Amino acid sequence: MAVELVCGALLSSSFQVAFERLASREVLDFFRGRKLNEELLNKLNIKLLSINAVLDDAEQRQIRNPNVKAWLVMVKDAVFEAEDLLDEIDTHVSKSKLKPKSRSITSKVRNIFVPPLSSFHKGIDSRMQKVLDKLEYLAKEKDILGLKEASVGSGSQVSQKMSSTSLLISEAVIYGRDVDKENIFNWLVSNTENDNNQLSVISIVGMGGLGKTTLAQHLYNDPRMKFEIRAWVCVSDEFDVFKVTRAILEAITGSTDDSIDLNMVHGRLKEKLTGKKFLLVLDDVWNEKQDQWEALQTPLTYGAQGSKILVTTRSLKVASTMRSTQTHQLQELQEEHCQRLFAKHAFQNENSQIDHEFKEIGMKIIKKCKGLPLALKTIGSLLKTKTSLLEWESILTSEIWDLPEGGCNIIPALILSYHHLPPHLKRCFAYCSLFPKDYLFQKEDLILLWMAENFLQQGKSMIAVGEEYFNDLLSRSFFQQSREDEMRFVMHDLLNDLAKYVSGDFCCRLDVEVRMMPKQFGKLKNLQVLSSFYVGKDTESNIKELGELNLHGRLEILELQNVDNPLDALAANMKSKTHLVELELEWSEKHEDSEKEREVLEKLQPSKHLKELSIWKYGGKQFPDWFWDNSLLSSLTLVDCKYCTSLPPLGLLPTLKELSFKGLSGIKVIGAEFYGYGSSSSSIIPFRSLETLKFEDMEGWEEWKCNTVKGAFPRLRKLYIRKCPQLKGQLVEQLWGGGSCVEGSKTTDDPTINHCHNFLETLHIASLKCALAINTTCLRELRIDISGVDVESFPDEGLLPLSLTSLFIIKCPNLKKLDYKGLRHLSSLKELSLHDCPSLECLPEEGLPKSISTLHIWDCSSLLKQRCQNPNGEDWGKISHIDDVDID
């Protein structure tokens with residue numbers, strides 16, 4: 001069943017918009033001022049009223065009558081065409097009122113009410129007549145189809161005013177789940193150790209609306225639970241291993257994590273969980289790919305015995321994929337519990353005295369809910385607003401209950417509840433389809449959005465009206481209070497699906513990758529959250545659609561190669577989006593016109609309030625001037641911009657903290673221009689705020705000219721240079737010699753250079769020569785990633801800094817010996833990792849430093865692995881004191 005199934009439900013609110021436009025001062029002034037036949041307006045109003053009167057009947061009958069459904073689709077098109085026409089008139093008159101103030105009052109009045117004939121004015125009559133002709137035809141068709149006007153209790157036009165004094169429906173009691181809860185609780189608190197270090201996973205499986213999340217919440221908050229760490233993560237449709245892992249880490253720490261890759265976030269999560277008994281809830285999981293689950297679970301295996309993972313999912317296959325130790329299939333509520341839950345929401349409480357006739361109808365409605373708590377709760381909240389027996393019977397006999405299974409994934413009870421909302425609440429709810437699933441929102445923010453869209457009734461305090469609308473939807477169970485924050489609210493996934501379903505072409509899913517933006521997308525002028533925008537070809541999803549949107553937060557613009565005219569990029573008006581703080585721009589691999597791509601990027605200049613910028617696969621040869629003209633930019637990432645031959649003077653950016661280059665194969669030399677020397681601002685300290693600098697996959701990079709640069713990078717903490725095979729020259733002397741740009745190994749009186757010694761903590765570098773030249777007291781992590789170099793012994797005595805806590809030795813195929821003399825002085829060393837060193841066959845005879853608490857030996861020789869086996873390996877005695885030994 002397509003969206004047209006409920007297009008009538010959304011039409012009722014669209015009719016309301018059309019009526020408001022017809023009655024607006026601007027539209028009335030336009031017609032009266034030009035002395036046009038006001039009969040046009042009267043006819044339009046009458047035809048709209050005539051059709052609107054039978055909408056409820058049409059909504060019900062379209063389910064079984066395809067002719068009625070086709071009629072509703074035509075009505076939708078005609079009404080929106082009328083709305084567009086009235087919108088244009090409204091906008092035209094409003095602009096006329098904004099003429100320059102130098103004109104006299106008389107002139108301005110004459111301009112508004114007696115405008116000169118123009119192509120716009122000439123077209124109004126003919127377009128209005130076309131709309132009237134369509135509505136005239138549809139009005140006749142409604143009679144042929146036998147559609148009837150709404151009677152009392154038949155639909156959304158009858159809505160009893162309900163009290164909004166009680167904002168929250170208590171979820172302290174969970175009906176019919178006592179046995180389920182105790183069974184799962186007993187398993188969660190059990191200390192049974194699994195074989196082969198397998199994670200203890202229990203999956204609660206059941207269809208949407210059964211109350212899986214509610215049950216998990218009650219278990220999570222049970223005071224009898226004794227876990228050192230607890231974390232709750234809403235996973236939903238997208239299962240991105242990096243994002244989910246980071247979400248788990250953030251749930252544990254209660255703060256935002258800045259990890260930039262999976263290895264980093266895995267390491268941090270492992271550190272938090274090692275030796276700790278934890279409970280992790282993964283809510284609403286859809287992933288059925290074994291490899292993704294295996295990638296996620298790596299750091300989770302380090303928890304203490306008794307750690308548990310609780311999963312909620314609709315799919316048994318998901319439970320199998322996650323290798324669940326236990327699978328608990330949640331069943332529909334039994335009739336007794338259905339009655340209690342329904343009574344709680346339909347009446348004052350579950351023990352209320354109920355009229356016999358209401359009770360009889362209520363029992364029949366309960367059966368139609370098929371034991372689903374969400375359906376019972378929502379339909380009960382609806383019936384609480386219906387005070388007559390006729391209204392209850394109308395809901396019982398609605399054809400919406402008979403929706404064919406498989407044609408629509410929305411529970412009929414939810415559609416029915418939406419159908420019976422008054423028009424003003426329908427469009428307020430449909431607007432919420434802009435929220436991603438599990439999105440937490442504040443009441444005040446949503447009311448302001450409704451206000452900006454003119455959704456609130458005029459005549460009294462707009463905030464008070466918005467409060468009334470919000471509380472109505474909350475009391476009807478369309479919203480629920482957040483488990484995490486009592487000041488914020490959330491929509492159940494199925495209600496989010498319903499909002500998306502009823503919104504049709506006028507609101508779109510903005511948390512997912514939208515390859516085809518819906519019609520009239522650009523009219524969502526108060527849309528603030530849009531994660532991805534795909535530029536379409538020709539006129540499809542033109543980037544100009546972004547022009548009038550006041551976006552907040554983060555935005556990805558993808559498929560930029562489809563921008564045919566660079567002026568369309570200018571029309572996107574990115575420079576005015578002052579609330580946009582993160583921007584990612586991406587082209588495809590195919591680059592047909594390098595100059596056009598340069599112009600497009602030039603025209604996409606963002607606001608100076610932007611803080612994070614990423615450019616992917618840009619095909620231009622140089623970057624625009626605005627790159628170094630942003631005083632607030634803190635993070636810049638350039639990836640696979642293969643045709644660029646030089647870097648802009650990024651050293652001039654005063655607040656830049658993170659800078660990353662990957663796949664810029666056209667760069668051969670990085671020189672003084674990178675720092676900003678030669679510019680009018682050459683007196684400033686280059687990269688004065690930079691903390692992290694990364695170079696990776698720079699295949700053509702041969703030289704880094706920084707020996708003439710004084711005092712750059714005074715706050716650099718992390719430097720990564722990986723997969724840059726052509727990089728040569730006196731890099732060591734340039735980076736760590738006198739007049740250095742990063743770190744000095746020589747004594748110097750230059751206060752700037754001495755100052756920079758206090759910050760560098762992490763170095764990942766693909767040069768053993770560079771690594772051996774380091775002499776800083778603050779270095780915390782040194783990672784050597786080298787292959788093809790004839791090094792048999794490492795490290796020499798006294799070359800590594802005393803402050804070193806982590807040492808990675810990777811891809812050293814000829815390394816045969818670890819020199820104890822070079823390691824013994826490292827009294828702060830906590831972690832040693834040996835990766836891919838196939839010639840290394842034993843550990844030093846003297847052993848390893850006693851300070852080491854973590855040892856990784858991966859992809860090294862089989863002999864070394866054998867010697868390190870517990871308890872009989874020849875080298876086991878050298879490492880038996882180490883708490884965490886990981887040998888693969």
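## Nonpolar cores

Ile379 touches Phe342, Ile365, Cys369, Ile395, Trp401, Ala413, Leu416 and Ser417, with residues up to four places away in sequence left out. Contact here means heavy atoms within 4.5 Å. Ile379 is also one of the residues that touch the most other members of the largest nonpolar core, together with Phe342, Trp450, Phe479 and Leu498; this core has 83 residues. Another core lies apart from it and has 60 residues, including Phe533, Tyr675, Trp701 and Leu719.

A nonpolar core is a set of buried Ala, Val, Leu, Ile, Met, Phe, Trp, Tyr and Cys residues joined through side-chain atoms within 4.5 Å. Buried means under 20% relative accessible area, exposed over 50%, and partly exposed in between, with a 1.4 Å probe and protein chains only.

## Model and confidence

This is a predicted model, in which local features need pLDDT of at least 70 and side-chain atom pairs count only at pLDDT 80 or more, while totals for chains, interfaces and linings use all residues. Residues are numbered from 1 along each chain as its sequence is written, and side-chain values use heavy atoms, leaving out hydrogens and water.

The average pLDDT (the predictor's confidence in each residue, from 0 to 100) is 78 for the chain, and 77% of the residues score at least 70. Over residues 1-9 pLDDT stays under 50, and the model has 30 contacts beyond four places in sequence for them. Residues 152-170 also stay under 50, with 55 such contacts.

## Chain totals

The chain contains 30 helices and 26 strands. Helices (H or I, at least four residues) and strands (E, at least two) are DSSP runs, numbered from the N terminus. Of the 888 residues, 52% are buried. Among contacts with a separation of 6 or more, 70% join residues 24 or more positions apart.

## Strand pairing

An open, antiparallel sheet is formed by three strands in the order β6-β8-β7. β6 (441-442) and β7 (480-481) are at the edges with a single partner strand each, so one side of each has no neighbour in the sheet. Two strands pair if DSSP finds at least two bridges between them. Two bridges join β7 to β8 (residues 488-490) in the antiparallel sense, and Gln481 stands opposite Phe489 in β8.

Strand β22 (residues 806-810) has five of its five residues buried. Ser806, Phe808 and Ile810 point one way from β22, and Leu807 and Ile809 point the other way. β22 runs parallel to β24 (residues 831-835), with five bridges between them; Ser806 stands opposite Glu831.

## Cysteines

How many disulfides does a search of the whole structure find? The search finds zero, a disulfide being a pair of cysteine sulfur atoms within 2.5 Å. For Cys338, the nearest cysteine sulfur is that of Cys369, 7.9 Å away. Cys338 is buried, at 3% relative accessible area. For Cys860, the nearest cysteine sulfur belongs to Cys837 and is 4.8 Å away. Cys860 is also buried, at 9% relative accessibility.

## A buried loop serine

Ser607 is in the loop between α24 (594-603) and β12 (612-616). Ser607 counts as buried, at 2% relative accessibility. Beyond its neighbours within four places in sequence, Ser607 contacts Met574, Lys575, Lys577, Thr578 and Asn630.
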